[in-house]
Amino acid sequence: MKKIEAIIKPFKLDEVREALSEVGIEGLTVTEVKGFGRQKGHTELYRGAEYVIDFLPKMKLEIVISDDKLDKVIETIKTAAHTGKIGDGKIFVSSIEQAVRIRTSEKNDEAL
């Protein structure tokens with residue numbers, strides 16, 4: 001099993017969720033997060049005053065899937081979240097040793 005963590009732009013969330021649903025992903029966790037990468041934030045003008053926004057709003061998606069779905073899910077997220085502009089996000093993949101569904105005690109792939 002693999003865990004995918006994807007950091008994307010907030011306005012791309014619905015598009016990514018719908019694309020994942022179309023490829024059979026039935027569950028995911030979404031968290032509102034803030035951060036920065038190479039763009040190091042940006043400056044904005046508000047009521048005549050300029051100020052720096054160091055941390056940009058992002059959405060973090062967490063999905064646990066079976067190994068055979070990994071490449072398809074990564075490609076789906078990449079395609080749906082892509083704008084071609086700086087700050088599109090990142091995808092991280094890690095291994096999951098065990099998963100347990102609390103209600104039924106199903107384990108691993110059956111628990112997904």
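# A tour from the helix pair outward

Select E15, V16, A19 and L20 in α1, then V73, T76, I77, A80 and A81 in α2: these two sets of residues meet. By type, the contact of α1 with α2 divides into 7 nonpolar residues, 1 polar and 1 charged. Keep in mind that this is a predicted model.

**The two helices.** Show α1 (13-22) and α2 (residues 70-81) as cartoons. Their axes are 9 Å apart, and the helices pack at an angle of about 150°. The crossing of α1 past α2 is right-handed.

**E15 and K12.** Stay with E15. Its side chain meets that of K12 in a salt bridge, 3.1 Å from N to O. Which of the two partners is buried, and which is partly exposed? E15 is partly exposed, with 39% relative accessibility. K12 is buried, at 9%.

**Around K12.** Now center on K12. It sits in the loop between β1 and α1. Show A80, A81, H82 and T83: K12 is in contact with them, leaving aside its neighbours within four places in sequence.

Move to K9, which lies between β1 (2-8) and α1 (13-22). Is this lysine buried or exposed? K9 has 13% relative accessibility, and under 20% is the cut-off for buried, so K9 counts as buried. Select its surroundings next. Not counting residues up to four places away in sequence, K9 touches K58, T83, K85, I86, G87 and D88. T83 is also in contact with K12. Draw a distance from the side chain of K9 to the backbone oxygen of I86. A polar atom of that side chain lies 3.4 Å from the oxygen.

**E5 and K60.** Go back into β1 and pick E5. How far apart are the closest N and O atoms of E5 and K60? They are 3.1 Å apart, and the two residues form a salt bridge. E5 lies in strand β1 and K60 in strand β5 (residues 56-65), so this pair ties together parts that are 55 residues apart in sequence. Both ends are partly exposed: E5 has a relative accessible area of 21%, and K60 has 22%.

**K78 and E75.** Return to α2. Select K78 and E75. Their side chains meet in a salt bridge, at 3.3 Å from N to O. What separates them along the helix? They are 3 residues apart in α2, about one helical turn. K78 is partly exposed, with a relative accessible area of 46%. E75 is partly exposed too, at 41%.

**Salt bridges overall.** How many salt bridges does the whole structure hold? A search finds 7. Those visited here include E5 with K60, E15 with K12 and K78 with E75.

**Last stop: after β6.** Follow the chain past β6 (89-95) to S105, in the segment after that strand. Check its backbone. S105 is not a glycine, yet it has a positive phi of about 65°. S105 counts as exposed, at 52% relative accessibility. Then select N108, found in the segment after β6. Its phi is near 55°, again a positive value in a residue other than glycine. N108 counts as partly exposed, at 30% relative accessibility.

Key. Residues are numbered from 1 along each chain as its sequence is written. This is a predicted model: local features need pLDDT of at least 70, side-chain atom pairs count only at pLDDT 80 or more; totals for chains, interfaces and linings use all residues. Side-chain values use heavy atoms; hydrogens and water are left out. Helices (H or I, at least four residues) and strands (E, at least two) are DSSP runs, numbered from the N terminus. Buried means under 20% relative accessible area, exposed over 50%, partly exposed in between (1.4 Å probe, protein chains only). A polar contact is a pair of N or O atoms within 3.5 Å; within protein, one must be able to donate a hydrogen and the other to accept it, and residues adjacent in sequence count only if both atoms are side-chain atoms. Contact means heavy atoms within 4.5 Å. A salt bridge is a side-chain nitrogen of Lys or Arg within 4 Å of a carboxyl oxygen of Asp or Glu. Axes are lines fitted to C-alpha atoms, for helices over the stretch in contact, and angles run from 0 to 180 degrees between N-to-C directions. A crossing is left-handed if the near helix is turned anticlockwise from the far one by less than a right angle, and right-handed if clockwise. Ala, Val, Leu, Ile, Met, Phe, Trp, Tyr, Cys and Pro count as nonpolar, Asp, Glu, Lys and Arg as charged, and the others, Gly among them, as polar.
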